[in-house]
Amino acid sequence: MLKVAIGADDAATTLKNQVKTYLQEKEIEVVDFSHDVAGNDQMYPDIAFNLASSIREGQFERGILLCGTGIGMAIVANKVPGIRAAQCHDVYSASRARKSNNAQIMTLGARVIGSELALTIVDSWLDAEFEAGRSASKVERIAYYENKVHTHNAQ
């Protein structure tokens, strides 16, 4: 069974609840990292970092982060080594995020897209799998630069 982590800030709570319910109706296990579930005043950087870290640690296969635009969540999630988060506001980008970039996290902007489109985008992203092939060497190069940065910063 697919395990998906989901997280949203206060700007995206309504859309997050719609996506969460939709996933649960598809019998996908969902764990919520959102500010309204955590019971505190976490900001989106906290939510994105915690969710991305849990994916890096192997607790979840994929994650969905939502905020007003999807931009801030993507920026923060991509700070976690080994994570590839993609902002997705259309079906094609969502599919390619998985197929070409092996993105474990997608981000959505509640102020950018409506709920029906969001659910269609989620389906596209969930149905897509990494194709490797020509893209494998590119994803490996991303990891190379990521390791280079982290090795340099550790010195």
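Strand β1, spanning residues 3–8, is mostly covered, with 5 of its 6 residues buried. The structure described here is a predicted model. Strand β1 runs parallel to strand β2 (residues 29–32), and the two are joined by 4 bridges. Within this pairing, K3 is positioned opposite E29 of β2.

Residue A5 has G63 of β3 as its bridge partner, and G7 lies opposite L65 in β3.

Burial of strand β3 was examined residue by residue. Because 6 of the 6 residues of β3 are buried, the strand is largely enclosed by the rest of the structure. In a regular strand, side chains alternate between the two faces of the sheet. In β3, R62, I64 and L66 point one way, whereas G63, L65 and C67 point the other way, and all of these residues are buried.

Strand β3 additionally forms a parallel pairing with strand β5 (residues 105–109), again described by bridge contacts, of which there are 5. One of the residues involved is I64, whose bridge partner in β5 is M106.

Definitions and conventions
Residues are numbered from 1 along each chain as its sequence is written. This is a predicted model: local features need pLDDT of at least 70, side-chain atom pairs count only at pLDDT 80 or more; totals for chains, interfaces and linings use all residues. Side-chain values use heavy atoms; hydrogens and water are left out. Buried means under 20% relative accessible area, exposed over 50%, partly exposed in between (1.4 Å probe, protein chains only). Two strands pair if DSSP finds at least two bridges between them.
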